[in-house]
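I am opening a notebook on this structure. The entries below record what I looked up, topic by topic.

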Amino acid sequence: MKLFNTKILGTGSYLPDRIVTNDDLSKRIDTSHQWIVERTGIHQRRVADLSKGESPSGMAKEAALKAIEAANLTVNDIDMILLSATMPDQAMPNTAAVLQEKLGITNNCPTLDVNAACSGWIYLVPMADAMIKTGLYKNILVIGSEMLSSFNNWDDRNTCILFGDACGAAVLGRAGEKEDSRIYSSVLTCDSTKKDHLTLMAGGACKRTTHEILNNNEQWMTMNGQQIFKAAVTTMAAHAEKVAKEAELAMEDIDWFIPHQANLRIIEAVGTRFNIPHEKVIINVDKYANTSSASVPVALDEAIRSGKIKRGDNLLMAAFGAGLTAGAICLKY
Ligand code: COA
């Protein structure tokens, strides 16, 4: 069977207009700009406005159009949509189906939502790669679109300072015969023994949103920050090392490391563990905070558009999230 190599054909991203600074938050909760910057590296975050169409599918439309344009394709060249959203537009239809309509795609391509929390986009890339490699699909839109503000308790200083809204998109397709682009290696895991460290239990089938839930303030996410912090550092570092090794690349062969943007201290600790120089790490957590599965594709898109990442560069990407899900990918862009 003929196998194809997978190439990132184009990327795009969307950030809501509204900026919420640390000082804005300190007017509502007992916190300060200094505390947030020292513990997380975050200066501000973006917050979506539904009245401006900034839903998960609405943000995805804007990011996807940029990615499709960058790929030199038209919307009907997309033959599958894979979309990661921790909180979708609604339970059904899936957000990817809503996006298909918003993009004006008329080819009836399959649409699928995935929830692996912050690892969602990283989970989808190897899946898209497998389908492109075997020729099952040709151009797959892979999206992470996240509206964390919809389940972020703005009165809980333990969580609300950390998160923001955004969307990142990439079109994955076949590399040409003479091109080097390819996905070298990937790893995906989930350690469910740590699943209780980051949860949103209400709103699903087991715990419907009732008046009692709302009265008890149970409609928000809860988090054990320190446990997540430790697991994030060890898992991301181990996964990054594993995919680099499988790709037969030494650390000096990696041009750019694009980690999940959860906390600057986590990013720095991971970088130190597997010895990647600071100048090779893409960071935007200061501007956007943790945008869950949008974080890696947004950082990727910005680094490509700013000219940092160039064709032929070796990229290493890693993420972790509720579950605890985690994953890493090594590829030639
Ligand atoms: N402002 C001011 N003080 C705060 C605060 C805030 N926003 N949040 C917590 N504090 C206080 C705590 O109440 C605690 O006070 P105490 O010592 O009087 O009890 C103190 O600051 C230290 O809290 P601690 O939880 O030990 O801080 P930390 O250094 O672990 O930082 C996080 C907290 C949440 C920033 C950090 O644990 C973290 O980033 N974890 C990972 C979270 C994550 O990435 N989640 C997403 C996964 S995809």
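Predicted model: local features only at pLDDT ≥ 70, side-chain atom pairs only at ≥ 80, totals over all residues.

**Entry: positive phi**

Most residues other than glycine have a negative phi, and most peptide bonds are trans. S292 is not a glycine, yet I find a positive phi of about 55 degrees there. I place S292 in the loop between α9 and α10. Is S292 buried or exposed? I read a relative accessible area of 2% for S292, so I file this residue as buried.

N217 is another residue other than glycine with a positive phi, here near 60 degrees. I find N217 in the loop between α6 (211–215) and β10 (222–223). The relative accessible area of N217 is 45%, so I call N217 partly exposed.

**Entry: cis peptide bonds**

I checked the omega angles next. M92 and P93 are joined by a cis peptide bond, with omega about 0 degrees. P93 belongs to the loop between β4 and α4 (95–103).

G323 and L324 are also joined by a cis peptide bond, and I note omega of about -15 degrees. L324 sits in the loop between β12 (314–321) and β13 (325–332).

**Entry: the sheet**

In which order do the five strands of the open sheet lie? I read the order as β1-β7-β6-β4-β5, with mixed pairing. At the edges are β1 (6–14) and β5 (111–114), each of which pairs on one side only. On average, neighbouring strands of this sheet are turned by 20 degrees against each other, direction ignored.

I then followed one pairing in detail. β4 (residues 80–84) runs parallel to β5, and four bridges connect the two. For S84, I find the bridge partner V114 in β5.

**Entry: helices on the sheet**

Helix α3 (residues 56–70) lies across β1, β4, β6 (140–146) and β7 (166–174). I note that α3 runs at about 135 degrees to β1.

**Entry: salt bridges**

How many salt bridges are there? I have a count of 12, and I wrote up some of them.

E302 forms a salt bridge with K287, with the closest N and O atoms 3.3 Å apart. E302 lies in helix α10 and K287 in helix α9 (residues 285–288), so this pair ties together parts that are 15 residues apart in sequence. I record E302 as partly exposed, at a relative accessible area of 23%. K287 is likewise listed as partly exposed, at 33% relative accessibility.

R157 forms a salt bridge with D30, and here the closest N and O atoms are 3.6 Å apart. This pair links distant parts of the chain, 127 residues apart: R157 is in the loop between β6 and β7, and D30 in the loop between α1 (22–26) and α2 (33–40). R157 counts as partly exposed, at 47% relative accessibility. D30 has a relative accessible area of 63% and is therefore exposed.

The side chains of K27 and D24 also meet in a salt bridge, at 3.8 Å from N to O. I note K27 as exposed, with a relative accessible area of 70%. D24 is partly exposed, with a relative accessible area of 32%.

**Entry: aromatic rings**

I searched the whole structure for aromatic pairs and found one. The pair is F257 and F274, edge-to-face, at 5.0 Å centre to centre and 90 degrees between the planes. F257 is in strand β11 (residues 256–259) and F274 in the loop between α8 (264–273) and α9, 17 residues apart. F257 has a relative accessible area of 0%, so I list F257 as buried. F274 is buried too, with a relative accessible area of 3%.

Last, I looked for charges over rings. The charged end of R174 sits over the ring of F4, 3.8 Å from the ring centre. R311 has its charged end over the ring of Y333, 3.8 Å from the centre of that ring.

Key:
Residues numbered from 1 in each chain as written. Heavy atoms only, no water. Pairing = 2+ DSSP bridges. Axes fitted to C-alpha atoms, helices over the stretch in contact; angles between N-to-C directions. Contact = heavy atoms within 4.5 Å. Salt bridge = Lys/Arg side-chain N within 4 Å of Asp/Glu carboxyl O. Buried < 20%, exposed > 50% of the residue type's maximum accessible area, 1.4 Å probe, protein only. Phe/Tyr/Trp six-rings, centres within 6.5 Å; stacked < 30°, edge-to-face > 60°. Lys NZ or Arg CZ within 6 Å of the ring centre and 35° of its normal.
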